[in-house]
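Student: I'm new to this one. Could you walk me through how to read it?

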Amino acid sequence: MEIRSVKESDYYVISPLINEWWGGRQMYDKLPKLFFDHFQNTSFIAKKDGKIVGFLIGFLSQTYPEEAYIHFVGVHPDYRKSGIGRKLYNEFFDIVKKNGRNIVRCVTSPVNKVSVAFHTKMGFEIEKNGDKEVDGVSVYTDYDGPNQDRVLFVKKLI
């Protein structure tokens, strides 16, 4: 498998796949082309046999000089549980550390139990200051707008 930085043209390959990879959930609008244009040094593509099988879109925080943020990650459904997500995250962690950052943040929807489990397994901690709990998980109500509750994660890199 090959991991490389994203290119602007990757947007046109990935964007039509997003809703499909998320089982029909409308996620397409959460990943505009600007991420492929402006965050190429901190965003990655995973390819296997010439086919894109995963991606991670992340960036270094402009506001918090010790932090980085993972905005969007996807792995093709046929390739899940094969370590692609872990490899993409580790590539991002390496870049974050090389840039003198030691904190990585990300969010997910509380309905995405697989994402919650994956982030926990990757060493992220769930931020505990949410205003409600869903299945024992701290959740921030309306974090991304009305009816857009989120679970917030933080990981300190060593």
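Student: Which residue with a positive phi follows α4?

Tutor: That's G100, with phi near 75°. Keep in mind that this is a predicted model.

Student: And what about α4 itself: which of its residues are buried?

Tutor: Start with the general idea. An α-helix has 3.6 residues a turn, so residues three or four places apart point the same way. In α4, the buried residues are I84, G85, L88, Y89, F92, F93, I95 and V96.

Student: How far apart are the end C-alpha atoms of helix α4?

Tutor: They are 21 Å apart, which agrees with the 21 Å that its 15 residues should span at 1.5 Å a residue.

Student: Where is D49, and is it buried or exposed?

Tutor: D49 is in the loop between β2 and β3. It's exposed, because its relative accessible area is 78% and the cut-off is over 50%. Its phi is positive, near 55°, though D49 isn't a glycine. D135 also has a positive phi of about 55° without being a glycine, and it sits in the loop between β7 and β8.

Student: How many aromatic pairs are there?

Tutor: The count is 15. Take F55 and F72: their ring centres are 5.9 Å apart and their planes at 10°, so the pair is stacked. F55 is in strand β3 and F72 in strand β4, so the pair ties together parts 17 residues apart in sequence. Both F55 and F72 are buried.

Student: Which residues do ring pairs link into a cluster?

Tutor: Y89, F93, F118, F124 and F153. Of these, F93 is buried at 5% relative accessible area, and F124 is buried at 3%.

Key:
Residues are numbered from 1 along each chain as its sequence is written. This is a predicted model: local features need pLDDT of at least 70, side-chain atom pairs count only at pLDDT 80 or more; totals for chains, interfaces and linings use all residues. Side-chain values use heavy atoms; hydrogens and water are left out. Helices (H or I, at least four residues) and strands (E, at least two) are DSSP runs, numbered from the N terminus. Buried means under 20% relative accessible area, exposed over 50%, partly exposed in between (1.4 Å probe, protein chains only). The expected span of a helix is 1.5 Å times one less than its number of residues. Rings of Phe, Tyr and Trp (its six-membered ring) pair if their centres lie within 6.5 Å; planes under 30 degrees apart count as stacked, over 60 as edge-to-face and the rest as tilted.
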